[in-house]
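Work through the following exercises with the sequence and the model side by side, and compare each solution with what you find.

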Amino acid sequence: MAELAAKLGRDPDPFRRRAENIRRACKESLWLADRGVMAEYVDTLGNRLVHPSPELATVYLSIGMGLTDPFESYQLLRFTETDIRNVRSMVRDGRLVWSSNWYPQNYSSCGLYPGENLHLARAYFRCGQAAAGYEILRAVTDAHFLGRSPGAVGHCMTEDGYAEGLGANPIISSLYLRVLVEGLFGVVANLLAGLIEISPQLPSDWEDAELATDALRIRCERRGSAETVSFHWTRP
C-alpha cells in the first residue's frame, strides 16, 4: 500500500508506519527464538500464553511476507519437517505435510490439503531449497493422476496422495501454476517496481528445461558446472 500510495502521489508514511508496527509486534510477541518458530497466537484471556505450534499458513505467510530473515525462514521450514506429520505419495515418492499438529483433528485445522502444500513448496523454492520444494511438488503432481478427476486436483488429499473433494478446484490449479513459474523456474515479476527476478530452482539432475507462456519464455541448460539461462519477456 505504501508503494501504491507513492506512485499515486499520496503520502506513503501512514502505510509504512503501520507495516513496521505489524512487523515489530510479530517479532516481539510471536517470534520464539528458542524454538525457531513464529507462534500461532497469544491468548487474550487468562495467563495470555503463547501458542507455540504454528500451522503451515503461519509458516509460509511469515516467510512470504518478509517477517523472517533467511535463517529464521530455514528454522520455520525445518519445523514442518520435524514437528508436523509428514507422509509420502505413492507414485513419485513426494512429500506431503499435514496442515498442523493440532488435535483433536477437525476439518481445515488439521488435514492434508494440496493448497497448503503448494504454498509450502513455494516457500522452499523462494528460500533456495530447491530439492525440498520439488519433493512437495512431486506429491501434488501425483494427485493429478490418483484423483477421481484425472488431470485435476481436489481441495483435500489422503495420505497416499489421492486427491478427493471438489475436482478441478481453481484455487489449487492457479496456485499449482504459480509454483511452477515462481518456484520451480523462479520467475517473479514485481511490475510495480519495474523488476523481474529470475532465480531457477530446478532439480540438480535436470540438464534442460523450458517454460513458455504468452508473457515469457525461459530456457535453462546445464552442462557440467556451466549453467545457461535465456529469458524473453513480451510485455513492457
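Contact here means heavy atoms within 4.5 Å. The model is predicted, so that local features need pLDDT of at least 70 and side-chain atom pairs count only at pLDDT 80 or more, while totals for chains, interfaces and linings use all residues. Residues are numbered from 1 along each chain as its sequence is written, and side-chain values use heavy atoms, with hydrogens and water left out.

**Exercise 1.** Determine with which residues R223 is in contact, leaving aside its neighbours within four places in sequence.

Solution. Begin with strand β12 (residues 216–223), in which R223 lies; strands are DSSP runs of E with at least two residues, helices are runs of H or I with at least four, and both are numbered from the N terminus. With those neighbours set aside, R223 touches E207 and D208. The C-alpha atoms of R223 and E207 are separated by 6.7 Å, although the two are 16 residues apart along the chain.

**Exercise 2.** Describe how strand β9 is joined to strand β10.

Solution. Strands pair if DSSP finds at least two bridges between them. Four bridges join β9 (residues 187–190) to β10 (residues 195–198), and the two strands run antiparallel. Next, locate N190, which stands opposite L195 in β10. Finally, follow the chain through the hairpin, where four residues lie between the strands and G194 in the turn has a positive phi of about 70°.
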